[in-house]
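Hi there,

Here is the structure I promised to pass on.

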Amino acid sequence: MIVWEKRDAETFSRDILEMEQRGSTEPGRRASEAITMIVLAMIGLAPEAYADPVACETPLVLVETDDMELHERICTVVEQSLPALAECKLEPKLPVTISFSVKLKVAEEVCLGLYHTGKNEINLLEPDAFTAAHNGSKIWSAIALSQHFDSLVVHELAHALFDQSTNSKLACGVDQEYVAYAFQLASLTASTRNEFLTSAGVAPPVSVEGINQVILGLSPSSFAARSWLHFSQPENGCDFVEKIIRGETSLWLDPE
Ligand SMILES: [Zn+2]
């Protein structure tokens with residue numbers, strides 16, 4: 001999940017709780033869309049085509065949009081990101097569907113993207129809404145809009161593949177976000193990533209103690225930068241990610 005930079009820890013906890021309620025928002029959206037379509041059909045205003053998810057050439061990934069250019073773009077980002085994810089044993093095992101919404105909110109927080117845990121469904125802000133959110137972000141507007149958008153796809157895809165790859169009940173929200181942000185920032189060009197790190201005000205070295213749910217709640221951008229800097233150290237990388245997947249380590253900071 002990607003949200004605006006400023007959130008308090010309490011709101012963050014609600015976000016995670018809601019994420020872990022296995023996408024309770026999605027059935028409601030589907031139901032309201034279905035009702036809307038029925039009403040529009042009754043008054044003769046239904047659109048000619050109602051986009052069904054269409055598979056990418058990459059197996060097990062589908063994109064739901066009637067914008068073919070957008071479909072191709074998302075599929076290309078997916079295809080380019082899968083090899084790096086696979087190196088860390090993050091591979092699609094079940095179909096993942098990517099769809100778009102004009103608004104995404106969890107617990108009154110505006111999200112740029114959302115993965116519905118246990119449902120293999122990714123929701124992204126549709127491009128115009130994403131552009132507005134990007135331009136309004138102090139941190140993310142420091143990097144190019146197109147790279148931000150594409151990297152968000154990688155972030156949410158990493159969530160989906162992580163969800164399909166771990167049986168560990170220990171893998172909590174903060175662990176998932178580490179993996180998602182690490183791959184998101186890894187997908188940026190080096191110069192764009194440096195722009196983001198500067199904008200987030202984070203410089204190496206970082207220690208694992210500085211990457212936890214408190215930092216994530218207070219400053220997701222700082223958490224993102226720290227996650228990538230930690231992940232990119234040779235002794236961490238896939239070894240660390242696979243330990244998280246196996247439930248052998250966690251970034252959860254015990255309040256005790
Ligand atoms: Zn996330």
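Below is what I found, going from the overall fold to a few local details.

Please keep in mind that this is a predicted model. The protein has 10 helices and seven strands. Of its 256 residues, 40% count as buried. Looking at contacts between residues at least 6 apart in sequence, 70% join residues at least 24 apart.

On the H3 side, the contact is made by Ile-74, Val-77, Val-78, Ser-81 and Leu-85. H5 contributes Asp-150, Val-153, Val-154, Leu-157, Ala-158 and Leu-161. Sorted by class, the residues of this contact are nine nonpolar, one polar and one charged.

In the other pair, H7 (190–200) packs with H9 (residues 220–231) at an angle of about 130°, and their axes are 9 Å apart. These two helices are therefore oblique to each other as well, but the crossing of H7 and H9 is left-handed. Phe-196, Leu-197 and Ala-200 of H7 meet Ser-221, Ser-222, Ala-224 and Ala-225 of H9. Five nonpolar and two polar residues make up this contact, with no charged ones.

**Strands around S6**

Next, have a look at S6 (residues 109–116). Six of its eight residues are buried, so this strand is largely enclosed by the rest of the structure. S6 is joined to S5 (residues 105–106) by two bridges, and the two strands run antiparallel. Within that pairing, Val-106 has Glu-109 of S6 as its bridge partner. The hairpin of S5 and S6 has two residues between the strands, and Ala-107 there takes a positive phi near 50°.

S6 also pairs with S7 (residues 121–125), again antiparallel, through four bridges. Here Leu-114 stands opposite Asn-123 in S7. Four residues lie between the strands in the hairpin of S6 and S7, where Gly-118 takes a positive phi near 80°.

**Backbone points to check**

Most residues other than glycine have a negative phi, and most peptide bonds are trans.

Leu-60 has a positive phi, near 70°. Leu-60 sits in the loop between S2 (54–55) and S3 (61–64). Is this residue, Leu-60, buried or partly exposed? It counts as partly exposed, because 18 C-beta neighbours lie inside 10 Å.

Lys-89 has a positive phi too, near 65°, and belongs to the loop between H3 and S4 (96–101). Because Lys-89 has 15 C-beta neighbours inside 10 Å, it also counts as partly exposed.

Finally, the peptide bond from Pro-204 to Pro-205 is cis, with omega near 0°. Pro-205 lies in the loop between H7 and H8 (213–218).

Happy browsing, and do write back with any questions.

Best wishes

Definitions and conventions
Residues are numbered from 1 along each chain as its sequence is written. This is a predicted model: local features need pLDDT of at least 70, side-chain atom pairs count only at pLDDT 80 or more; totals for chains, interfaces and linings use all residues. Two residues are in contact if their C-beta atoms, placed from the backbone, lie within 7 Å. Ala, Val, Leu, Ile, Met, Phe, Trp, Tyr, Cys and Pro count as nonpolar, Asp, Glu, Lys and Arg as charged, and the others, Gly among them, as polar. A residue is buried if 20 or more other C-beta atoms lie within 10 Å of its own, exposed if 12 or fewer, and partly exposed in between; C-beta atoms are placed from the backbone. Two strands pair if DSSP finds at least two bridges between them. Axes are lines fitted to C-alpha atoms, for helices over the stretch in contact, and angles run from 0 to 180 degrees between N-to-C directions. Angles under 35 degrees count as roughly parallel, over 145 as roughly antiparallel, 65 to 115 as roughly perpendicular and the rest as oblique. A crossing is left-handed if the near helix is turned anticlockwise from the far one by less than a right angle, and right-handed if clockwise.
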